[in-house]
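Biologist: I would like to learn how to read helix packing and sheet order in a model. Can we take it feature by feature?

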Amino acid sequence: MPPDPKKRHLWPRVRSLFGGRRSTVDDSHQDANAVVGPTQSDPASAHSVPSLPLPVSIGERNSGFSAPYSHLATPMSHGGTTSFLAGASGFQMGDIQYIDAPNAHVTVHTGGNAGARSIDGWEMLLKETSADALHNSRARYDAPKCDEDTRVEVTSEIMEFIENSDGPRRLLCMTGAAGSGKSALEQTIAEICSRNGSLASSYFFSSTDPNRNTVTPVIPTIAYQLGRGNPPVKQLIKAAVEDDPLIFSQSLEDQITTLIVKPFKCVSDAGLDLRTLPYAILIDGLDECKSEDSQAELLTSIRKCLLVDWLPFRIFIASRPEWAIRTALQPGGHLHQLAYHIQLSDQYDATGDMRRYLRRRFEDIGLSINDPHWFTDDNIETLVQAASGQFIYVATVFKYVSERRASPVERLKIILTWTPRAGQKTRPFEALDRLYTNIVLAAKDAYEAIDSHDGRDFLLLLRAYHVNLAGIRVYRDDVSLPAGRLSVGWLGLEAKAEENLVSDLHSLVKFDSTNHLQLYHKSFSDFFGAESRAGALFVSEALVYAHLSKCFMRRIINDQIAFDSIPDILELPMRQFTLDQVELAVDYLPAILSSAAVAINSFDDAIADFAQNGGWDKIDSLLPHLYHTGRSPTLNRFKMWVRSMRQFVDNVNTPNPAVAAAVNEYVVKWEGYEAEWQDELTKNV
């Protein structure tokens, strides 16, 4: 980028901002003790550059004088010392503060014998920054990035946006599932921009690093990077901090205005073409910033302060699609019309890139072990298919296989044939499991902290939707329900409860167009369904069926219909007793109970309450209206119903004989119904 000839005259102009001092082109040769302000003996010459008006915080407020006397406030140099109001008399002065800026170090002078104290704004700024958050920080050594011939299409789209300074939008937001390669893309873009001189600043959040998992150091770190390569901007940022040392405890909007917007406005007014400066601001991992409110505040502050026409910045933010950025980008959100949105997991298929990634790395391993045929194309294809489009899976595979102290051949075999088992020491997906654990735990804490969710078990409910993916076993069928029906009809939750449940899991799951839960990662399903991988997060299927049983029994008990006076089912108004209610409350209960039997001790109290509240009696009074229709299909259904109840009693007899004995009395009675109704049907036929 060719130097702008205006820059040669910029520094003297910017220096004129401090202390109200006029500056000439040869200002750099003036003595540090020269007159701070214009005097009668120092008229503006033809070479003088008019000084810019100071912000009130730097100029008028520090003069110590009200407006009528501001023309008398200029300090004068006499014999190396600074004096005020030379030749004046009859004035009584209290504390006066003024800024002596030519030394490039702000000194706050006070009147009387108060002495002097010094602060260095740039040093204060450095203390508030996070060095670990920069794209080239040592803490991020060997950060993931894209191979040269991978993610070419999406990288090109991002760079095209960044380099299009005349584009109508100044903010690019890229969202994608956990492990989809967002950070690798952000790192790659940062390195490209660094090489071509367009990188203004970068900030990489990390939930596990206390130095960069909050919003506190973000603006100071960005301001540091904007100022470090631009002396005029640096001096203005430095002066702003010295003028307001508490700026770092103020709102993000005020920080951006004070540390970025105003300094850039000053250098722009001084004649600098801002288009000649680096302009790309990159922020990665917004979702890893603690506090959704802080994430939202940062997005709002960027919108209000930085997305303005006269600033040169092109901003690229990458994040999982969690609440703050998701709601901002959705229709009606405050960034919906302003941001260019790339949905990485939905818009780009990384399958081909993952094949190239694995092949290149496996070939490198082959060179190191002198065996180019140690893997096959089928091996790569199996791994790519297992990745479900998520780069983190193949990256984890490579990291495990390439362990220097182990055989890659044996480790690849473990990956390809591995199934989780209790007590298993081999953990090839440990890094991936740790990622899933962190995301699920954070979502659990957020969900259960809401008062209206008091008493709900987040993991149990999430596992219920997960089991529903493959289907809930009901007699001979596996029933997979739309999430809304599962929420209201089966789990007894409010409408759209499923959306609240996964509100903080959008990097792992979403609901498809049919309102069924969809997982971005097949590996997440493997993780969540295996105790050896999920650990304390694991919920067995039996516990899900136990919870469903409790929900069904609660519905029967709470139903206000007088079961013992029910007319024929066909005569019931649908508004009183819908078919769904009959199926859920009575028809499906035996099938669910039989699948929950192994977890009987987790809900034996619920069964006791059900009996005490007349639940079995209510079912008994309803059975004839449901199944005694004189039709063979209905009777066959009842036979399955009775057999499932018998299976439940037999299965719980050993772990809980008291429950088995109590329920068995009814099962014997219902087996009698079955025989009686079968005889009637046979005679009628």
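Biologist: How are α6 and α7 oriented to each other?
Modeller: This is a predicted model. Start with the crossing angle of the axes. Those of α6 and α7 cross at roughly 140° and come within 7 Å. Angles over 145 degrees would count as roughly antiparallel. The two helices are therefore oblique to each other.

Biologist: Which residues of α6 and α7 meet?
Modeller: From α6 come Ala223, Leu226 and Gly227. From α7 come Pro231, Val233, Lys234 and Ile237. By class, this contact has five nonpolar, one polar and one charged residues.

Biologist: What lies in the loop between α6 and α7?
Modeller: Asn230 has its place there. Its relative accessibility is 9%. Buried means under 20%, so Asn230 counts as buried.

Biologist: Which residues does Asn230 touch?
Modeller: Set aside residues up to four places away in sequence. Asn230 then touches Leu272 and Leu277.

Biologist: Now α7 and α8. At what angle do their axes cross?
Modeller: At roughly 130°, coming within 9 Å. Here α7 spans residues 231-243 and α8 spans residues 252-269. That angle makes α7 oblique to α8. The crossing of α7 past α8 is right-handed.

Biologist: Which residues of α7 and α8 meet?
Modeller: On the α7 side, they are Pro232, Val233, Leu236, Ile237, Ala240 and Val241. On the α8 side, they are Thr258, Leu259, Pro263, Phe264, Cys266 and Val267. By class, the contact has eleven nonpolar, one polar and no charged residues. Note that Val233 and Ile237 of α7 meet α8, and Val233 and Ile237 also meet α6.

Biologist: On to the sheet. In what order do the five strands run, and is the pairing parallel or antiparallel?
Modeller: First the general idea. Sheet strands pair through backbone hydrogen bonds, in a parallel or an antiparallel sense. In this case, the order is β9-β10-β11-β8-β12, in an open sheet with parallel pairing. The edge strands, β9 (199-204) and β12 (339-343), each pair on one side only. Direction ignored, neighbouring strands are turned by 15° against each other on average.

Biologist: How many bridges join β9 and β10?
Modeller: Five, in the parallel sense. For one partner, take Ser201: its bridge partner in β10 is Ile281.

Biologist: Which helices lie across β9 and β10?
Modeller: Look for the strands that each helix covers. Helix α5 (residues 182-196) lies across β8, β9, β10 and β11, running at about 160° to β10. Helix α6 (residues 218-228) lies across β9 and β10, at about 150° to β9.

Biologist: Where is Asn379, and is Asn379 buried or exposed?
Modeller: Asn379 sits in helix α13. With a relative accessible area of 17%, Asn379 is buried.

Biologist: Which residues is Asn379 in contact with?
Modeller: Leave aside the neighbours within four places in sequence. Asn379 is then in contact with Leu412 and Leu416. For a C-alpha distance, take Leu358, 21 residues from Asn379 along the chain. Their C-alpha atoms are separated by 9.9 Å.

Terms used: Residues are numbered from 1 along each chain as its sequence is written. This is a predicted model: local features need pLDDT of at least 70, side-chain atom pairs count only at pLDDT 80 or more; totals for chains, interfaces and linings use all residues. Side-chain values use heavy atoms; hydrogens and water are left out. Two strands pair if DSSP finds at least two bridges between them. Helices (H or I, at least four residues) and strands (E, at least two) are DSSP runs, numbered from the N terminus. Axes are lines fitted to C-alpha atoms, for helices over the stretch in contact, and angles run from 0 to 180 degrees between N-to-C directions. Contact means heavy atoms within 4.5 Å. Angles under 35 degrees count as roughly parallel, over 145 as roughly antiparallel, 65 to 115 as roughly perpendicular and the rest as oblique. A crossing is left-handed if the near helix is turned anticlockwise from the far one by less than a right angle, and right-handed if clockwise. Ala, Val, Leu, Ile, Met, Phe, Trp, Tyr, Cys and Pro count as nonpolar, Asp, Glu, Lys and Arg as charged, and the others, Gly among them, as polar. Buried means under 20% relative accessible area, exposed over 50%, partly exposed in between (1.4 Å probe, protein chains only).
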